[in-house]
Amino acid sequence: MMSSSFNIYRVGISFVMMCIFYKSAVDSLSELSPQKYFSTLQPGKASLAYFCQADSPRTSIFLEELNEAVKPLQDFGISVAKVNCVKEETSRYCGKEKDLMKVYLFRGNILLREFPTDTLFDVNAIIAHVLFALLFNEVKYITTLEDLQNIENSLKGKANIAFSYVRAIGTPEHRAVMEAAFVYGTTYQFVLTTEIALLESIGTEAIENAHFYFFHCKQVLDLTQQCRRTLMEQPLATLNIHRFIKTMEAPLLTEVAEDPQQVSTVHLQLGLPLVFIVSQQATHEADRRTAEWVAWRLLGKAGVLLLLRDSLEVDIPQHANVGFRRAEEGAPVEFLVLHDTELIISRVEGNTHIEEMQEDEDEDVQSPDMDIQDDEVAETVYRHRKTQLPLELTVELTEETFNETVVASDSIVLFYAGCTSTMLLTRVNCADWSDLCTKQNVTEFPVVKMYKEGKHPVSYAGMLGTEDLLKFILLNRISCPVNITSVQEAEEYLSGELYKDLIPYSSVSVLGLFSPNMTTAKEDFTKAGNYLRGCVITGIYSEEDVLILSNKYGATLPALLLARHKEGKVESIPFANSRVQDIVQIVTNALLETFPEITVENLPVYLRLQKPLLILFSDGSINPQYTKAILTLVKEKHLDSLTPCWLNLKNTPAGRGILQTYFNALPPLPLIVVVNLHSGGQVFAFPSEQAITEQNLLLWLKKLEAGLESPITILPAQEWKPPLPAYDFLSMMDAAASQHPTRKEPECTKETNMQKNDKKQHEDKSTIRKEPVETLRIKHWNRSNWFKEGDKSFRHDNKEL
């Protein structure tokens with residue numbers, strides 16, 4: 001990028017091709033004899049001569065593409081020529097048949113590069129390869145993340161980086177990048193890769209397309225801090241890159257005190273809208289911080305300006321805090337009142353989240369504040385309460401047909417209140433058949449049970465989503481535990497080969513190892529396996545040669561072998577003197593992830609670990625460097641007293657509301673917080689100006705432990721209750737999992753003989769807690785010493801809290 005050895009603006013380039021003569025009208029190509037061609041060479045300039053034998057017809061298609069490339073290359077100061085050879089010619093480029101299918105790039109009379117003609121398959125490939133060869137200082141080609149990190153570190157505080165991924169060299173996207181490098185290569189360091197693994201490592205989600213990033217390294221002075229990265233969201237084409245870089249060069253935020261209708265910026269010239277954040281003297285600093293955050297989010301999509309209301313002579317609506325102006329000439333400024341910065345982002349991106357309140361279709365139906373529920377589950381149920389399900393796709397059962405149907409076939413039964421595989425999907429309307437539902441121990445709705453011939457029914461208590469229910473069905477196809485009969489079969493089981501079609505639904509397989517005389521331990525493990533049926537694959541091995549496996553995996557009998565298929569490793573856990581519930585607890589704990597992504601579904605699972613949460617909030621996939629830093633701290637036992645996790649706002653929009661509760665406004669991301677939900681409700685924020693590294697995190701955590709950090713807020717001790725008991729879905733989830741409190745997988749319970757209904761009526765009914773699960777605060781955890789000093793400090797300064 002910074003090299004002065006080659007400046008394409010001042011040094012003309014010619015591109016020489018040795019080609020076999022083709023008799024056609026290729027008027028754009030200069031046709032020269034070898035002597036004439038070499039006599040035209042000038043120092044610092046180049047040539048293209050395919051010294052053509054007159055009797056070969058093989059290059060028609062290639063010459064057509066070359067002819068199309070002549071003018072674009074001339075625009076870059078690169079000349080193109082064709083040299084006609086005669087049979088008596090002794091030039092090295094005319095005399096060898098193997099050289100006649102190559103392309104030669106010269107500067108002056110110096111050969112720079114040669115290419116096989118099959119690599120120059122069209123005009124895009126020709127231009128891309130030529131520019132790539134000439135811009136060898138301006139464009140760095142890399143293959144590993146380490147290469148990228150080294151370049152990034154070397155340019156911090158010095159220059160910015162234009163990083164691109166293309167699927168292959170010679171594609172139209174590669175040409176676009178090279179053309180951009182031709183223009184901007186002396187200003188920015190261009191970095192190119194074709195390695196998809198490198199693209200994945202920087203957190204890109206849609207990896208099937210070409211990508212162009214701008215790394216803001218020039219403003220980074222702390223070498224431990226990562227350069228900000230802005231992704232160009234438009235297709236990778238020359239004009240789009242030009243527009244994108246121009247927006248990167250424009251000021252991030254501009255303060256204006258003039259009529260917004262008269263303001264003109266480069267963004268309008270490039271066809272991008274303007275966003276005005278309305279400010280006044282009393283709130284100027286806070287408004288500027290908000291505007292800067294919005295500007296970073298909209299970089300490359302819109303221009304952001306801070307509009308000083310106090311200095312304006314024009315009238316702005318009194319309560320308006322943001323204005324929008326489209327790029328069309330004469331478009332008026334539209335002023336709005338928006339209290340969430342995400343609404344600004346959404347409006348610009350064309351995906352407005354402003355929802356108008358709609359009246360209920362049934363005027364006589366009362367809905368106490370359900371439209372503004374914080375519980376995503378309750379809100380979804382409410383909004384879709386009138387959706388008609390395609391119940392005709394299932395077989396409706398009645399009291400007369402129930403026993404006959406479920407006894408004769410494997411069935412999944414949905415018990416509901418009226419408002420795929422070889423399994424028979426059926427349904428029972430308990431509003432019509434209340435006696436039948438009572439006999440089947442159905443006391444809340446909806447309930448799903450699986451009936452298999454000759455076996456007790458199994459209740460499904462997981463989330464009622466397609467994926468979770470399908471997993472439950474598929475894992476119930478095999479017995480639990482599976483009886484393994486040989487060492488070879490055990491190895492196939494542990495490797496995932498034995499049930500490879502089920503591995504996507506159970507990433508961990510559990511194998512119990514027992515000597516033949518361990519009767520009680522085997523019985524307890526069998527009961528635990530039945531209990532976990534439909535949730536995880538379990539197997540049992542109790543042959544005479546069991547010591548072969550125990551010695552190989554370093555296990556003391558009785559033992560559990562946990563095969564983690566994603567990691568490709570097997571670990572052993574001894575469980576001598578463990579009863580059924582202990583085994584279930586061991587397995588469910590093993591299923592938990594070390595650094596999970598928190599969702600609405602699994603949050604209660606990790607809250608039950610009764611530890612403060614260390615949450616990394618991210619607006620998309622997280623940087624692999626952040627993951628590495630946190631996993632390193634976990635490995636070194638620095639996070640044993642915390643539950644480390646991360647939350648993707650794109651997957652879990654409820655996270656925006658959580659952050660607004662903590663900070664009053666949505667802060668810049670990524671962001672790490674520690675939330676002490678179990679006692680005190682303190683929330684601590686990792687300093688946003690610090691890079692997320694192992695060293696910085698560890699130092700900050702030690703300050704927390706020593707009581708040297710003050711919380712940014714303390715969550716109130718109020719309960720978040722649903723408006724009606726029927727919408728208390730979190731309590732239902734809590735009750736369903738009460739017998740195994742750290743389960744990640746959908747839960748299932750084995751029922752007793754369904755014929756003994758009067759005696760066993762309540763055995764499969766979950767005990768519902770009177771107090772709901774709280775998503776932001778749990779009251780009954782023991783206080784941690786971590787937060788005592790911070791709590792005292794905060795309360796001293798905020799006595800009213």
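**Exercise 1. Two asparagines in loops**

Task: Determine whether asparagine 441 is buried or exposed, and describe its backbone and its place in the chain.

Solution. The model is a predicted one. Step 1: asparagine 441 has a relative accessibility of 9%. Buried means under 20% relative accessible area, so asparagine 441 counts as buried. Step 2: its phi is near 60°, which is a positive value in a residue other than glycine. Step 3: asparagine 441 sits in the loop between helix 14 (434–439) and strand 19 (447–451).

Task: Classify asparagine 577 as buried or exposed, and state where it is found.

Solution. Step 1: the relative accessibility of asparagine 577 is 79%. The class of exposed residues begins over 50%, and asparagine 577 therefore counts as exposed. Step 2: asparagine 577 belongs to the loop between strand 25 (569–574) and helix 19 (580–591). Step 3: although asparagine 577 is not a glycine, its phi is positive, at about 65°.

**Exercise 2. The largest nonpolar core**

Task: State how many residues the largest nonpolar core has and which element supplies its largest share.

Solution. Step 1: the largest nonpolar core has 46 residues, and those with the most contacts inside it are Leu73, Leu131, Val139, Phe190, Phe212 and Ile241. Step 2: the elements that each supply at least two residues of this core include helix 2 (60–75), helix 4 (123–134), helix 6 (172–184) and helix 8 (238–249), as well as strand 3 (78–83) and strand 9 (211–216). Step 3: helix 4 gives the largest share of this core, eight residues. Step 4: isoleucine 241 touches Ala176, Val177, Ala180, Phe212, Met232 and Leu236, when residues up to four places away in sequence are not counted. Step 5: another core, of 41 residues, lies apart from the largest one and has Leu592, Ile598, Leu603 and Val675 among its members.

**Exercise 3. Helix 4 and its partners**

Task: Describe how helix 4 packs with helix 6 and with helix 2.

Solution. Step 1: helix 4 and helix 6 have axes 8 Å apart, at an angle of about 40°. Angles from 65 to 115 degrees would count as roughly perpendicular and those under 35 degrees as roughly parallel; helix 4 and helix 6 are therefore oblique to each other. Their crossing is left-handed. Step 2: the residues of helix 4 in this contact include Val123, Ile127 and Leu131, and those of helix 6 include Pro172, Met178 and Phe182. By class, eight residues of the contact are nonpolar, two are polar and two are charged.

Step 1: helix 2 and helix 4 pack at about 45°, with their axes 8 Å apart. That angle makes helix 2 oblique to helix 4, and the crossing is right-handed. Step 4: Glu65, Leu66, Glu68, Ala69, Pro72 and Leu73 of helix 2 meet Val123, Ile126, Ile127 and Val130 of helix 4. This contact has eight nonpolar, no polar and two charged residues. Step 5: isoleucine 126, in helix 4, is buried, with a relative accessible area of 0%.

**Exercise 4. Helix 6 against helix 8**

Task: Characterise the crossing of helix 6 and helix 8 and the residues in contact.

Solution. Step 1: the two axes come within 9 Å and cross at roughly 40°, which makes helix 6 oblique to helix 8. Step 2: helix 6 passes helix 8 in a right-handed crossing. Step 3: Ala176, Val177, Glu179, Ala180 and Tyr184 of helix 6 make the contact with Thr238, Ile241, His242, Ile245, Lys246 and Glu249 of helix 8. Step 4: six of these residues are nonpolar, two polar and three charged.

Terms used:
Residues are numbered from 1 along each chain as its sequence is written. This is a predicted model: local features need pLDDT of at least 70, side-chain atom pairs count only at pLDDT 80 or more; totals for chains, interfaces and linings use all residues. Side-chain values use heavy atoms; hydrogens and water are left out. A nonpolar core is a set of buried Ala, Val, Leu, Ile, Met, Phe, Trp, Tyr and Cys residues joined through side-chain atoms within 4.5 Å. Buried means under 20% relative accessible area, exposed over 50%, partly exposed in between (1.4 Å probe, protein chains only). Helices (H or I, at least four residues) and strands (E, at least two) are DSSP runs, numbered from the N terminus. Contact means heavy atoms within 4.5 Å. Axes are lines fitted to C-alpha atoms, for helices over the stretch in contact, and angles run from 0 to 180 degrees between N-to-C directions. Angles under 35 degrees count as roughly parallel, over 145 as roughly antiparallel, 65 to 115 as roughly perpendicular and the rest as oblique. A crossing is left-handed if the near helix is turned anticlockwise from the far one by less than a right angle, and right-handed if clockwise. Ala, Val, Leu, Ile, Met, Phe, Trp, Tyr, Cys and Pro count as nonpolar, Asp, Glu, Lys and Arg as charged, and the others, Gly among them, as polar.
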